[in-house]
Amino acid sequence: VGYLMRTTAVYGSGKFGAADRNAWAGRSEFAGSFQPELLSVWLIRCFAIDWVEHLAKTKGGEKAVKLSPAIRRKLGIGNSTGLGMAPFLINHPTLIHAWINARETALARVCALQSASPEEKQQFLKLVKRAKVNAESWKSDHEHQKAKVKCLLKDFDRLDAVLNTNVLDQEFPWQHLLEWAEASLGFEGQEQLVSLMLEPYPELVDDLASTMHADETANFRISGRMTVAELLGQIETLYSWTNHIDFESQPANARVWYTSEEKLEPRLGERFEEDLEPYEQPLQPGRDVMNLRHAIKDRDGDETIAAFLMQHPEHRHIVRRIQRLASCSYGEIHDNTIDAKMLPIDLLRCKLSFFGATKFDPRSDRWVRITMYQGAPYPDELADMDPDDCAYPQLVEA
């Protein structure tokens, strides 16, 4: 997928001897999410090139040549990501809300524009061509992803066709284009289009990067004064999507999240084939909400949650989650995370996309390969290249 070296994991927060987050989180340059980790990955990419050139010189001596800037820029740094990342999206709803809220806010700002200038339209149309070249170079052997890439390429043809009309000359052009995409493109095409629509407007969206972090210690304490009736109301507001799921059926309750003894990493087992239920981790909020709702539905609506939890402390974690999500519209995954048909790779891709991952290549339904920083400048190029213009390959002029 376009790299010489890959990092199998990017550990932080005290795991395996790495500095605990509390040791550096107060530094202003690390205020954004995963800043030191992403910097480390970029530096490893630089090291990979230095290493290859050193090996060439060791073997070839004076005959050795360095990689040309154009070739080395096409090489990213790889990453292999497995199930360990999936629970992150479940365990950090406040942070996930901040990420997706930034994206939705950026999109809303662009769609609110009454018109697009000739320069903005020209930049967008050029980026569409570059993004199509990028999609054409996206290869995967996984049938699930091959189908998605094939759909994306067809979506580019549909997008090219509509852009040949006057859609960008209308009032509120981006809103019109988005509405057309929601009716005409697959999810791959829709998400690609949204990314492209943001690019001509750095002055509208760049400030949102500073909002993509969260204090996850805030609102951690359970409000015991909340009544049972109030909690039921929140459940109906936040979790109405669980009403159609029959958690008593085997398919809807097929999986078990647990932690491996050897690597202390999350694993996903089969509930009805393995004896794993005693080790189950609380990573199925939909089912836990259903159990909570069943436990409180017949209780006095004026009873406090504190009184209820004194009798049933097994529900503390899901009550805390519901209360925290009251102010986090995008913090919950609206899907059954223990369903037999659930694909962990979809969870992985969501998080990896916010890291700037490209060439998403599943190797099974539980781990993926990706590349990062493909096309990005190296340290000696930072003064001459715009890092914001490296997401898509440059067009070769005819």
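**Entry 1: H5 against H8**

I looked up helix H5 (residues 118–136) and H8, whose axes come within 9 Å and cross at roughly 140 degrees. Axes here are lines fitted to C-alpha atoms, for helices over the stretch in contact, with angles from 0 to 180 degrees between N-to-C directions. Helices (H or I, at least four residues) and strands (E, at least two) are DSSP runs, numbered from the N terminus. I note that the model is predicted, so local features need pLDDT of at least 70 and side-chain atom pairs count only at pLDDT 80 or more, while totals for chains, interfaces and linings use all residues. Residues are numbered from 1 along each chain as its sequence is written, and side-chain values use heavy atoms, with hydrogens and water left out.

I class H5 and H8 as oblique to each other, since angles under 35 degrees count as roughly parallel, over 145 as roughly antiparallel, 65 to 115 as roughly perpendicular and the rest as oblique. The crossing of H5 with H8 is right-handed; a crossing is right-handed if the near helix is turned clockwise from the far one by less than a right angle, and left-handed if anticlockwise.

For the contact (heavy atoms within 4.5 Å), I listed Phe 124, Leu 127, Val 128 and Ala 131 from H5, and Gln 192, Leu 193, Leu 196 and Met 197 from H8. These residues divide into 7 nonpolar, 1 polar and no charged. In this count Ala, Val, Leu, Ile, Met, Phe, Trp, Tyr, Cys and Pro are nonpolar, Asp, Glu, Lys and Arg are charged, and the others, Gly among them, are polar.

**Entry 2: H4 against H8**

I then took H4 and helix H8 (residues 187–198), with axes that come within 10 Å and cross at roughly 65 degrees. That makes H4 roughly perpendicular to H8. The crossing of H4 and H8 is left-handed. On the H4 side I found Arg 103, Ala 106, Leu 107, Val 110 and Cys 111, and on the H8 side Glu 191, Val 194, Met 197 and Leu 198. This contact of H4 with H8 comprises 7 nonpolar, no polar and 2 charged residues.

**Entry 3: nonpolar cores**

A nonpolar core is a set of buried Ala, Val, Leu, Ile, Met, Phe, Trp, Tyr and Cys residues joined through side-chain atoms within 4.5 Å. Buried means under 20% relative accessible area, exposed over 50%, partly exposed in between (1.4 Å probe, protein chains only). The largest such core has 63 residues, and Phe 124, Leu 163, Trp 174, Leu 177, Met 197, Trp 257 and Leu 352 have the most contacts inside it. Helix H4 (residues 93–111) gives the most to this core, with 8 residues. I also recorded a second, separate core of 21 residues, including Ile 222 and Phe 247.

Beyond its neighbours within four places in sequence, Leu 177 is in contact with Phe 124, Leu 159, Val 162, Leu 163, Val 167, Leu 168 and Leu 193.

**Entry 4: loop residues**

Pro 200 lies in the loop between H8 and H9 and, at 6% relative accessibility, counts as buried. Not counting residues up to four places away in sequence, Pro 200 touches Glu 120, Gln 123 and Phe 124.

I checked two residues other than glycine for positive phi. Phe 172, with phi near 50 degrees, lies in the loop between helix H6 (143–163) and helix H7 (173–184) and is partly exposed at 35% relative accessibility. Asn 219, with phi near 60 degrees, lies in the loop between helix H9 (202–205) and helix H10 (228–238) and is exposed at 55% relative accessibility.
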